[in-house]
Amino acid sequence: MEYKKETRAVEGDWPMAYWQWKFESIALIAKTREAFKEKKLLGLKCPGCGLVYFPPKPYCYCLARPDKWVEVEQTGTITTYTFTGAWAYEGISEEEQAGGAPMIICGINFDGSDTLTVCLLDDAKPEEVYVGMRVKLKWPEVIEGRVDDIAHSEPLKE
Amino acid sequence: MAHTDVAVVGVGYSKHVSKRRDVNIAEMVWEAVSACYEDAGLKPKDVDAICTGNMPAFEGVNIPELWGAGHWGAYGKPLMRITTGGTTGGSVAHGGYYAVSSGLFDTVLCIAFEKQSDGNSTMGLNTVALADAAAMFQQGVDPGFLAAFGGGAVGIAVYQAASYMKRSGCTTEHLDKVSVLCRTNAALNPYSHLKQPGLTPEEVAKTTLMQYPIRFGHVCPATDGACAMLVTTGEKAKKLIDKPAYILSCASCSEEASLMGIAGSGTTNMDPCVQESCKIAAKWAYDLAGIEDPRHEIDVAEPYSPFAHQLLMFYERLLLCDDGEAPAILDSGSMNLEGDLPVCPSGGVISTNAIGASAMERVSEVALQIMGKAGDRQVKKEVHKGVAHGWGGAVNLNVVAVLSDTPRRS
Amino acid sequence: MDKGVAIIAYAQTPFEADANASREIQVLEVAKTALEAAGLKQEDRYTVISATNDYCDGRTISNMRLVEPAAAYKKNESKVEMDGGYAAIYGLMRILSGDHQVALVMGVSQASVYARNIPGIMMLDPTFDRQRWLLNEVSAGALQARAYMNAYGATEEHFAGVAAKNLDNAARNPLAYNKLAGADAAKVLAARKLYEPITELMLAPFCDGACAMVLASGEAAAKADKPVWVKGMGFAHDSYLTERPLEEMGSLELAARSAYDMAGITDPASQIDLAEVHENFAHEELMAYESLGFCGKGQGGSFFDSGATLLGGDLPVNASGGATGANAVCATGLARIIEAAMQIRGKAGEHQVEGVNTAVATGQTGPCAQENVVFVLGGE
């Protein structure tokens, strides 16, 4: 059968606004956020396998439900990283971005936890970052009890 | 054992381009299905069951088979819809394998497709994360920051690439070379999307950096396309064609789902390049297929690699070499069409990515290589066994299929 | 089937309008309970098949967050995007292939999460019907009901009677949520009319819930306590709702025929002791009587009038209350299979029917019961 080059398109969107998801993690993370105000990182330990989840998670692969709050260290190790700048979103070239410092995003395994948290790394240049680098959490001046409170980290000078 | 051998007897593709505005989903799929019937010399009445799949968010249609499958010969037939994200096509092929090997059906039509241009493709991708992001907004997080967290335009792949490079000694030059290998192979494949004959690594290195270490030249395009494959019992296959490609085994393995960071990460993704589930799935599949030494027994590999580093990473995870050896193997030229173990002779996912179809195209391309019907992209060496891989879910599911020119059981 | 596959364990959550748990936790509960009942641990070797729908869950790759709760961590996992009955079929195929011995299959949906009409509307032909906003799952069901009434003389009273039976049965099922002890046809007819002839009490309202089941090969089932054997199964696809006679359930008939052939059933009405039918509307249960061969074509109404399908009848249908009692979309068909297995084991509690040895269960996907799956189960 022959078709015209361009047929008439019909619209049909997925109206996502109608969905209201349920999460146990909301309550868990709320507790963690409260602890930020005391500059503490609270993780959840699984009674089944002993893994510590930070951020907390309501279920574990071993089918037990993590239920014991434990404090996690504020130092950690970079397990992976990337860096980015406005070019990644706007489609503008690196040259045009030359003035601005790229944003370094790294996956940090905080000491005392078994999972990874993604944070920004401040006070470092992209070429200085490596997997295995030691870092520490950098609290903001005003802690509001938001997830963003733990958005920043900096190199650990030992 | 009373179980049945399973063989691929026909493969069909639709055109693969970025926007098919001249056909709808059902019509586009029919292009692949009719080509497949013709290739196998079968008619819709010869088919006993149908296995289908796509990622429905990309088209914005819930279970498109409900209105489309009648067009593909499914009326009155058992139909099963299998969807597992990026691995959908591979999972559909596995469904076809189990449908036949269970002895319940003789001939099964496997169909995988994606018509990304129909949907709001960003919405399609967003819905992967939106449910989780919604929870995070409630916790106080800046959306722009969240986008960067997730890896922006290229997602978790950048983190994976960075940690892979650290572990293996792979350099950005290797990534450029992978793009060249795939895109020049794609130029020989009439059904590929991005064909770039004569592409050089220098040209790839000049494309815009998306997010370190991934450049535009290292990333797959968004494709509209469909793939169909007919599988049948070993006995019927021998009567139908001279050289059927037997599916020896299928295995999948899933790990913890994790969007990195706040919404609850798992231990598995601490180092996103480990992909242990791929090693496990590969081992299961090789064991079932009776392959003891994949490095020497496998003649062609189609790893699922929408991003350049994944071709090397999954080459290792498919147990085709030790961890960290793939970059040197790429340099040796052994992955080329005329090499010892050609990789992605089809051009791979980095050249053509009709998401739901991609993982099945890995299986069908290995089948074509075994059947000797791959045309210009046929590898130089004689192909007896090949491995086809798919990767998806929330970076947490790997599917592996092993194909051969000789059956597993008889 | 010569190579036997058995149901060795199962679990269901209570079905609720708005569960106090996410789907992840609901899945974790049923997966854990079912595995424990089967004597299995997370470390053991089994394959996992889940049934979820991306549009119901409001997320692409709706199984991705379910890996750990579904006990699928480092397991051979896959997902069917249809009714849970299809997950059971896929699990069965995997075992019959000889590559797997045990399969954990599950289905989950939470209607409290999504706008109830949207997933159904997204199923329609996007090039035509979806643009016109005339069809949805209920209005399509109403068209089907009218076509059936017109063809075979079934009446609204028949539909109301079926609904009343299921609502009353559901009152005996502690897991069901849509229940009305002592319901009668008059009450059902007097309820709010949605689309003529369907009243609010004639449909299976969407709800939250999950269920899981463990299938095992004959060898693996040998140690199990009271395994329930899969004697036959079938599934089939019908045409899109505007392209077929709506008064028939063609795909259910085809699926039943293949399941009966496998199970060696020649006279379903006498050989089957109990049926669990996935009916999205009361009239679909009457149509199912015919497609499942319990009575002749067009006799659904009079078969119901005979009282055979009541809880104390010769061939009780939906002793659990059926989908009317609890309809968590992707779990509903699987729950029918589980309920049938419970009846065969004699563990159904208050809605237990005496002497059930052979039972049939069905599941469906798509508007107007487009896709159907049938299982025939048997005891020792």
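Two strands are taken to pair if DSSP finds at least two bridges between them, strands (E, at least two residues) and helices (H or I, at least four) being DSSP runs numbered from the N terminus. The model is predicted, so that local features need pLDDT of at least 70 and side-chain atom pairs count only at pLDDT 80 or more, whereas totals for chains, interfaces and linings use all residues. Residues are numbered from 1 along each chain as its sequence is written, and chains are lettered from A and ligands numbered from 1 in the order in which they are written.

In chain A, strand β4 (residues 75-84) runs antiparallel to β7(A) and is joined to it by three bridges, with A:T77 standing opposite A:R134 of β7(A). Strand β7(A), which spans residues 134-137, also pairs in the antiparallel sense with β8(A) (residues 152-155), again over three bridges, and here A:L137 has A:S153 as its bridge partner. In a regular strand the side chains alternate between the two faces of the sheet.

Between chains A and C, 17 residues of chain A are in contact with 21 residues of chain C, contact requiring C-beta atoms, placed from the backbone, to lie within 7 Å.

Chain B contains 15 helices and eleven strands, and 70% of its 410 residues count as buried.

Conventions. Two residues are in contact if their C-beta atoms, placed from the backbone, lie within 7 Å. A residue is buried if 20 or more other C-beta atoms lie within 10 Å of its own, exposed if 12 or fewer, and partly exposed in between; C-beta atoms are placed from the backbone.
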